[in-house]
Amino acid sequence: MALLRNLILAAAVASAAAPLAAQAATPAKPAKAAAAPAPAAAPALDPDAAAALDRMGAYLRTLKNFDIHVESSIDSILNNGQRIQLDRMVDYAVQMPNRLTARLEGPQGVVNATYDGAAFTVAGQDGYYAQAPLTGSIGNLLSKAYTAYGIDFPLQDLFRWGDASSVTEKPTEGFKVGSAKVGGVLTDHYAFRQPGVDFQIWIEQGDKPLPRKMVITSLTDAAQPQYTALIRWDLSPRRTDGQFTFKPAPGAKQIRFRDEPAAK
């Protein structure tokens, strides 16, 4: 039963790399040469970089029906300091405002989460599932899952970037690194900082500014573990009847969420 909670606790928090680039020191000039004026300092948060994030968030909030496939890796630091990289995959099906399924596959197996606007269910491969009544938006589901059950969905703010339920802090520093292809898609690459976290994001160019890759670095851990995610989008998915309603397999046994109070 511990498999249910352990696997779905795939929080997208991780680590940091050394600075992307360090500016080389300018060699000293002969004493007779006039000193060149110091270049103006770049703004801590470049307005164009901030605008790119805002544009991405505004576009994400227009999406009503989509699927996401995420291939990710997260660093696990052993007691001896050795860094181990663990791979995970997540498949989301999302239908706004209150339908979601998530299939999370990691080193310990597969967990499925389902929300149909009336109930939230988490089911493992071991024949057990936990279910609780729940209503409201997907934002409400994500908040309730975390506060009540300690469940933190990977990359959950892709579903609520910039809205009132988002828990993502605004960056304090940021700039454009350049351009690159991610999965064959041309993107703009940005780097940002916020308290305790560095993150990089690759945003698709053109009229669909979708995030295609993210690298998140935790600065609160001296080992600076890192989380990397490649994101593939389907904006015209085919839906089936009952896709967002959980149906237990024959013989499946229902259990309580670990932090759910026992019925009296």
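## An exposed residue and the sheet around it

Asp87 has a relative accessible area of 52%, so the residue is exposed; exposed means over 50% relative accessible area, buried under 20%, and partly exposed in between, with a 1.4 Å probe and protein chains only. The model is a predicted one, in which local features need pLDDT of at least 70 and side-chain atom pairs count only at pLDDT 80 or more, while totals for chains, interfaces and linings use all residues. Residues are numbered from 1 along each chain as its sequence is written, and side-chain values use heavy atoms, with hydrogens and water left out.

Asp87 is located in strand E2 (residues 83–95); strands (E, at least two residues) and helices (H or I, at least four) are DSSP runs numbered from the N terminus. Apart from neighbours within four places in sequence, Asp87 is in contact with Ser72, Ser73, Glu105, Gly106 and Pro107, where contact means heavy atoms within 4.5 Å. Between Asp87 and Ser72 the C-alpha distance is 5.8 Å, although 15 residues separate them in sequence.

Strand E2 belongs to an open sheet of 12 strands with mixed pairing, in the order E7-E8-E9-E10-E11-E1-E2-E3-E4-E5-E6-E12. Strands E7 (173–182) and E12 (253–255) stand at the edges with a single partner strand each, so one side of each has no neighbour in the sheet. From one strand to the next the twist averages 20°, with axes taken as lines fitted to C-alpha atoms and angles running from 0 to 180 degrees between N-to-C directions.

| Strand pair | Bridges |
|---|---|
| E1 (residues 65–77) and E11 | 8 |
| E10 (residues 211–218) and E11 | 5 |
| E9 (residues 197–204) and E10 | 7 |

Opposite Asp234 of E11 stands Asp67, and opposite Tyr227 of E11 stands Ile216. Ile216, in E10, is also the bridge partner of Phe199.

In a regular strand the side chains alternate between the two faces of the sheet.

## Core and rings

The largest nonpolar core has 51 residues, of which Phe120, Phe153 and Phe159 touch the most other members. Such a core is a set of buried Ala, Val, Leu, Ile, Met, Phe, Trp, Tyr and Cys residues joined through side-chain atoms within 4.5 Å. Helix H2 (residues 47–60) gives the most to this core, with 6 residues. Beyond four places in sequence, the residues that Phe159 touches include Phe66, Tyr92 and Leu142.

The whole structure holds 7 aromatic pairs; rings of Phe, Tyr and Trp (its six-membered ring) pair if their centres lie within 6.5 Å, and planes under 30 degrees apart count as stacked, over 60 as edge-to-face and the rest as tilted. Phe120 and Phe257 are stacked, because their ring centres are 5.6 Å apart and their planes at 10°. Phe120 lies in strand E5 (residues 119–124) and Phe257 in the segment after E12, so this pair ties together parts 137 residues apart in sequence. Both residues, Phe120 and Phe257, are buried.

Phe192 and Phe199 are also stacked, with ring centres 5.2 Å apart and planes at 20°. Phe192 is buried at a relative accessible area of 2%, and Phe199 is buried at 6%.

Methods: Pairing = 2+ DSSP bridges.
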